[in-house]
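This briefing is meant for a reader who is meeting the structure for the first time. Please look over the sequence and the model before going on to the notes on charged side chains.

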Amino acid sequence: MRFKLNFLIFLFAIFGFNTYSQTKTKASYDYLLYLPKDYAKATKKYPLVIYLHGGSQKGNDLNKLKIYGLPYLVEKGQDFDFIIASPQCPDNKYWSTENWFETLYTDLEAKYRIDKSRIYITGISMGGYGAYIAALDFPDKFAAVVALCGGINDSDLTRICNLSKIPIWAFHGTADDKIPFSETERIAKALESCETKNNFKFTRLENEGHEIQYLYEQNSEIYKWMLKKKKSK
């Protein structure tokens, strides 16, 4: 299995299968936006966190995003010292279906003061998959990734080493009955095949299931860890 994985990665390097985002249809997804409370008075640039929801929040109603995660915390009045963009994936699609990131990024960059060296992406469940996919498609954009109970598709193993360029903090419950714990486990193992030393931090949540969205509320270390990461120019 290890030989097969190394061979696939070798083929990826030779033939340059790094244009996945270019083969996808560009799309524009509606999104919720949060600006820090001092944004209007300040002139500085701010870090940007892109938050990707899970499968049950798909559709065309942005209010569905406020059930949990960062949009929930914003709705409850919590303040953050970074910009948050929370796009909504349409029904019958996944975060990997279309190239939504470029359109979102271009829009945000044109309208808001964003520190390009401090762009982060986080997601849970389907959004965890989405965070990995965005990082695979655009590895030079992100300073860090936080993925909760996510994974990657079999077809993306050939380009796993794109993830080795980015600090990643992954969380997964060992008793997850919706997205198996092994999905994150195999990412950690596959990254060992990469020449670039990876920065994959894996928090195993013993005996916990799929519902780990509470981490966004209770684990402030997530945000502290992200904001310490910075893309070198």
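What follows is a short account of salt bridges in this predicted model. Across the whole structure, a search finds 13 salt bridges, and the points below take up some of them, together with the accessibility of the residues involved.

**A link between distant parts of the chain**
- The side chains of Lys24 and Asp137 form a salt bridge, with a distance of 2.8 Å from N to O.
- This pair connects distant parts of the chain, since the partners are 113 residues apart, Lys24 lying in the loop between helix 2 (20-23) and strand 1 (31-34) and Asp137 in helix 5 (residues 126-137).
- Lys24 and Asp137 are both buried.

**A pair within one helix**
- Arg186 is joined to Glu183 by a salt bridge in which the closest N and O atoms are 3.9 Å apart.
- Because Arg186 and Glu183 are three residues apart in helix 6 (residues 181-190), about one helical turn separates them.
- Arg186 has a relative accessible area of 23% and is therefore partly exposed, whereas Glu183, at 15%, is buried, the cut-off for buried being under 20%.

- Lys66 counts as partly exposed because its relative accessibility is 25%.

Notes: Residues numbered from 1 in each chain as written. Predicted model: local features only at pLDDT ≥ 70, side-chain atom pairs only at ≥ 80, totals over all residues. Heavy atoms only, no water. Salt bridge = Lys/Arg side-chain N within 4 Å of Asp/Glu carboxyl O. Helix = DSSP H or I, 4+ residues; strand = E, 2+ residues; numbered from the N terminus. Buried < 20%, exposed > 50% of the residue type's maximum accessible area, 1.4 Å probe, protein only.
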